[in-house]
Amino acid sequence: MSAGCPGAPASPSTVGAMALPGARARGCTAAAKMTQRRRYAECARGSPSRGPPVSRAALYVHWPYCEKRCSYCNFNKYIPRGVEEAAMRSCLVTEARTLLRLSGVRRVESVFFGGGTPSLASPSTVAAVLEAVDQAAHLPADSEVTLEANPTSAPGSRLAAFGAAGVNRLSIGLQSLDDTKLQLLGRTHSASDALQTLAEARHLFPGRVSVDLMLGLPAQQVGPWLGQLQTLLGCCDDHISLYQLSLERGTALFTQVQQGTLPAPDPELAAAMYQEGRAMLREAGFRQYEVSNFARNGALSTHNWTYWQCGQYLGVGPGAHGRFVPQGVGSHTREARIQTLEPDNWMKEVMRFGHGTRRRVPLGQLELLEEVLAMGLRTDVGITHQHWQQFEPELSLWDVFGASQEVKVLLVQGLLLLDHRGLRCSWEGLAVLDCLLLTLLPRLQEAWAQRTPSPVQGG
């Protein structure tokens, strides 16, 4: 699987930086995630959430099926004996229409088909969803429509059919150019399969093909991995994502490491791969526009940019996540929404209620600001003053961070910048974002607690 969907490495749920050395990395990552998961009493009160206009959003569509489960993957995916695609297609269309109506969204700025392995779906399913979105809202002709594709499920003829269905960008789950490592990961393709699919994709979608490359695998060494990256630079398009392996409980790879049949990944080597890899990409003309993502010639992922800017997005399909302000009398609060995980149960709920939303969590204003901070700092632009004021017009970035001695230390160290443009990480700071958040998130919480309450709720 590629890694562009909610829940995957480049998703909204990921707050920390890519690579940190040793025990410091593990401690910083755990602490930052713990801080992010905290819930506040304000959430329960459902105070109004400020933010950008609610009439536009990105839309994520989850195809939950795969040919097999990769050894490292704990995403919401299923290996069925057979797929009732007509029923799945109908439910995806129905839920998309329902959520667009409930959200009041009038313009969909990007669509991302993730999974699972959405390249296993029929192009007609993709076309049906896009047609439904365009009928229920406005999907501009130049909107980014991305499909995740695995090399073995996406021959050139199939990719062309997806293009005819409305897809205009591909994200290819290449992961490695080492056949031994691909077998370790449980991938169904070889390095030659991946390179052939990449060449076909570039021919069909020039300038709009992204590839994923994983680092920090068991027994992986820096030199050979950099050699793979160098090879990829000779044949890739204009977008590359670097993802560090995360050992997830319940996966085959986690069990093998726990039992000692595989060595644990070395975090120091992973940090070296990341640092040297990003330097190589910069030398090749790629802009590191986000912790894990690199682009040249302006080929940024506009869909994922919505996540990092804390824009609204709708999640359609089993287990999909969304964040939007539902429309209704007196409704001003953004909600985090999660759809029912298991595909058969999800389809039953969609057929009965029009959608399969299993959980709705109102986001309090402080929690929303924490997301704005943690997600925005993942990008090289960071958080501009204008962007922050869309979510919090009364408490400025200067108010929150300007007088903090701990923040001043980060500024002096050259890891962080706070100036007329806003708050952002330096190139060096992006690599240790987790640890920066250990200072910045508590400071935001303190400033929020100390603010002068407004006489009007939420204002």
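## Close-up views of a predicted model

**E144 counts as buried, at 5% relative accessibility.** The term buried stands for under 20% relative accessible area, exposed for over 50%, and partly exposed for what lies in between, computed with a 1.4 Å probe and protein chains only. The model is predicted, so that local features need pLDDT of at least 70 and side-chain atom pairs count only at pLDDT 80 or more, whereas totals for chains, interfaces and linings use all residues. Residues are numbered from 1 along each chain as its sequence is written, and side-chain values use heavy atoms, with hydrogens and water left out. E144 forms a salt bridge with R169, with 3.9 Å between the closest N and O atoms. Because E144 belongs to strand β3 (residues 144–149) and R169 to strand β4 (residues 169–175), the pair ties together parts that are 25 residues apart in sequence. R169 also counts as buried, at 5% relative accessibility. A salt bridge here is a side-chain nitrogen of Lys or Arg within 4 Å of a carboxyl oxygen of Asp or Glu; helices (H or I, at least four residues) and strands (E, at least two) are DSSP runs, numbered from the N terminus.

**E109 and R56 form a salt bridge, their closest N and O atoms lying 3.7 Å apart.** E109 lies in strand β2 (residues 107–115) and R56 in strand β1 (residues 56–63), so the pair ties together parts that are 53 residues apart in sequence. E109 counts as partly exposed at 33% relative accessibility, and R56 likewise counts as partly exposed, at 33%. A search of the whole structure finds twelve salt bridges.

**R296 forms a salt bridge with D238, at 2.8 Å between the closest N and O atoms.** R296 sits in the loop between β8 (293–295) and α11 (302–308), and D238 in the loop between α8 (222–233) and β6 (239–244), so that this pair ties together parts that are 58 residues apart in sequence. D238 is buried, with a relative accessible area of 12%. Elsewhere, salt bridges that share partners join R56, R107 and E109 into one network.

**R187 is buried yet has no salt bridge, the nearest side chain of opposite charge being that of D212, 7.2 Å away.** In this count Lys and Arg are positive and Asp and Glu negative, while His and the chain ends are not counted. R187 is found in the loop between α6 (179–185) and α7 (191–204). Its side chain makes a polar contact with the side chain of N150 at 3.0 Å, and the side chain of R187 also reaches the backbone oxygen of G173 at 2.7 Å. A polar contact is a pair of N or O atoms within 3.5 Å; within protein, one must be able to donate a hydrogen and the other to accept it, and residues adjacent in sequence count only if both atoms are side-chain atoms.

**Helix α5 (residues 156–165) has G156, L159, F162 and A165 buried.** An α-helix has 3.6 residues a turn, so residues three or four places apart point the same way. The cover over the buried residues of α5 includes α4 (123–136), β3, β4 and α7, where contact means heavy atoms within 4.5 Å. Just after α5, G166 takes a positive phi of about 125°.

**F324, in strand β10 (residues 321–324), counts as buried at 1% relative accessibility.** Leaving aside neighbours within four places in sequence, F324 is in contact with residues including L99, S103, Y313 and R337. F324 and S55 are 269 residues apart in sequence, yet their C-alpha atoms are 9.9 Å apart in space.

**The structure holds six aromatic pairs.** Rings of Phe, Tyr and Trp (its six-membered ring) pair if their centres lie within 6.5 Å, and planes under 30 degrees apart count as stacked, over 60 as edge-to-face and the rest as tilted. The rings of W63 and Y65 have centres 5.4 Å apart and planes at 80°, so this pair is edge-to-face; both W63 and Y65 are buried. The rings of Y307 and Y313, with centres 4.8 Å apart and planes at 70°, are therefore edge-to-face. Y307 counts as buried at 1% relative accessibility, and Y313 counts as buried at 3%. Ring pairs also link Y289, W305 and W308 into a cluster.
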